[in-house]
Amino acid sequence: MGKILRNTHISGEAGVLKFAEFCNRHKPYIFFREVLKSDFGIDGEIELTRTNEQNKIEPLGEIIKVQIKTVSSENSYIRNEKNSTFEFYPRKDDIEYWDKYKKNGIEILLVIYDLRIDALYCKKLLDTDVFIGKESLKIVKRKNTNAITFHKEDNLLKVGINDFTLKFSASFKSRINFDIKEYLTSNFMKYKQHPRQMYVYECLFKNKKAIYEVIEQLETPFFVVYNSIVYTAFELGREYASFKSKVLKDVPAKLITYTSILDDRVLRNHYIELLNEYLKFFLRTKKLAFKKDYSRYYFWIGKDQNEVKVTVTTRKRGQRSEKHVVKKFDYPKFSFYRHVALQCKHLFIENDVYLIIHPKYYFTKDGKTPVEPKLITKLTNFLTSQEYNNHFCDWLHFWWSYLSVREEEIVVYEDPIYKTTTDVQRKNFYSRHVRLCLSQYNEFQVPFGIANDKKDRRKVIETNTESPQKSLFDYEN
């Protein structure tokens, strides 16, 4: 009997031809060179190109090795297939061979051609996919397999979708990888409700210091003053008759609309200063003092106290727990207090206003007097050096849990009359009264991630002012 051509050879050729066709039709063109001799686990290599200024195709000299596997009904490498993912199980000798390439700095692409549905998938092999080191190889030997997860949408190669270079180019030396989906947590909190206007009054005095010499602070509204002009969030009525008679000129107020505020940089700055007045008052009720020199709010501590704790809900387990917000540290020659602190900044994005929060620390000698910057660096590096992304998310949640009402919204300020009004009455509420509230910080998914050498942090979804004071994180100033 003559030689027999096995079906695995035919299907294997189909995968190579399909990938070669994709490379040929990609823009910019991708050079694909098939390995013709001695198949040891690499079927070919590609060289990426670019279109230069003369509209000519220019090779980049960037070579990536390619392993192509074809899936058919007779020979399937695919297991645990779901609506959006499947797993590929390479052999141990494939893994060891890929490992040699990676140790020499050569990138490898694993291409899967599903002959059953004529679909081509591609993924760059990461250290999370290829176990490196003796300990890892022992695991592979014991299990005789190591699953590599493919996402049917993210890893699909489509003719006409020319993003191959962006996804797989080895010139991107950062750890960003488009095979991993992650969630980003933002420290931006949007104002759900805030004043939609400002009222302008002519003032008898130039600054707040002069104003407070003639009237008690408890008799004043929330306001800011610049060049003998007072800005408030609402029109002043009888309740502020004393303030109007002692501080303001007897002329009508001028209304500044929110549209005018958005269009004028100076007015935006005045508006933000007004919001800061409300915020400072709110945080004071939450036992947070403000240190102007360091532009941060911090938990204060009473006399003869060595620590302060507050009760919040934990981020991961959702349990009520006590957390130190002020703690004393004693050394043989020196002692200091570490206060949990916060920096806040307002920002306009299009027509909306956001509060950006930056978790910080504040260090004092006695609960009030700040520690010198050089001494902070010397004594506290070990307290902050290991606080990275997970800690940042924990601190964001801490502040949300502590400042919010039933963890639904942060009510910065609410005129007492608001609670007694009906929904119909609230339509005209904001012309005379103020309510400021913040929505929760945002978490959103992005189509890229950072590979972790020890584990894959992907979440699989089965659906189609500089300051000398130290911050919480070593990469912040």
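1. Strand S22 and strand S23 (residues 435-438) run antiparallel and are joined by four bridges. Two strands are taken to pair if DSSP finds at least two bridges between them. Helices (H or I, at least four residues) and strands (E, at least two) are DSSP runs, numbered from the N terminus. Within this pair, Ile 410 stands opposite Leu 438 of S23. Four of the five residues of S22 (residues 410-414) are buried, so the strand is largely enclosed by the rest of the structure. Buried means under 20% relative accessible area, exposed over 50%, and partly exposed in between (1.4 Å probe, protein chains only).

2. On the source: this is a predicted model, in which local features need pLDDT of at least 70 and side-chain atom pairs count only at pLDDT 80 or more, while totals for chains, interfaces and linings use all residues. Residues are numbered from 1 along each chain as its sequence is written, and side-chain values use heavy atoms, with hydrogens and water left out.

3. Four bridges link strand S5 (residues 85-88) to S8 in the antiparallel sense, and Phe 88 stands opposite Ile 148 of S8.

4. Glu 81 and Lys 152 form a salt bridge, with the closest N and O atoms 2.9 Å apart. Glu 81 lies in the loop between S4 and S5, and Lys 152 in the loop between S8 and helix H4 (164-168), so the pair ties together parts that are 71 residues apart in sequence. Glu 81 is partly exposed, at a relative accessible area of 39%. A salt bridge here is a side-chain nitrogen of Lys or Arg within 4 Å of a carboxyl oxygen of Asp or Glu.

5. The structure holds 27 salt bridges. One of them is between the side chains of Lys 69 and Asp 94 (3.8 Å, N to O). Lys 69 belongs to strand S3 (residues 57-71) and Asp 94 to helix H2 (residues 92-103), so this contact ties together parts that are 25 residues apart in sequence. Both Lys 69 and Asp 94 are buried, the latter at 3% relative accessibility. Asp 94 also forms a salt bridge with Arg 91, the closest N and O atoms being 3.8 Å apart; Arg 91 is partly exposed at 45%. Elsewhere, Arg 33, Glu 45, Glu 47 and Lys 65 are linked in a network of salt bridges.

6. Does the length of helix H8 (residues 265-285) agree or disagree with expectation? At 1.5 Å a residue its 21 residues should span 30 Å, and the end C-alpha atoms are 31 Å apart, which agrees. The expected span is 1.5 Å times one less than the number of residues. At the start of H8, a side-chain oxygen of Asp 264 comes to within 2.9 Å of the backbone nitrogen of Val 266. Just after the helix, Lys 287 takes a positive phi of about 70°. The buried residues of H8 include Leu 267, Tyr 271, Leu 274, Tyr 278 and Phe 282.

7. Leu 184, in strand S10 (residues 182-185), is partly exposed, with a relative accessible area of 34%.

Key: A polar contact is a pair of N or O atoms within 3.5 Å; within protein, one must be able to donate a hydrogen and the other to accept it, and residues adjacent in sequence count only if both atoms are side-chain atoms.
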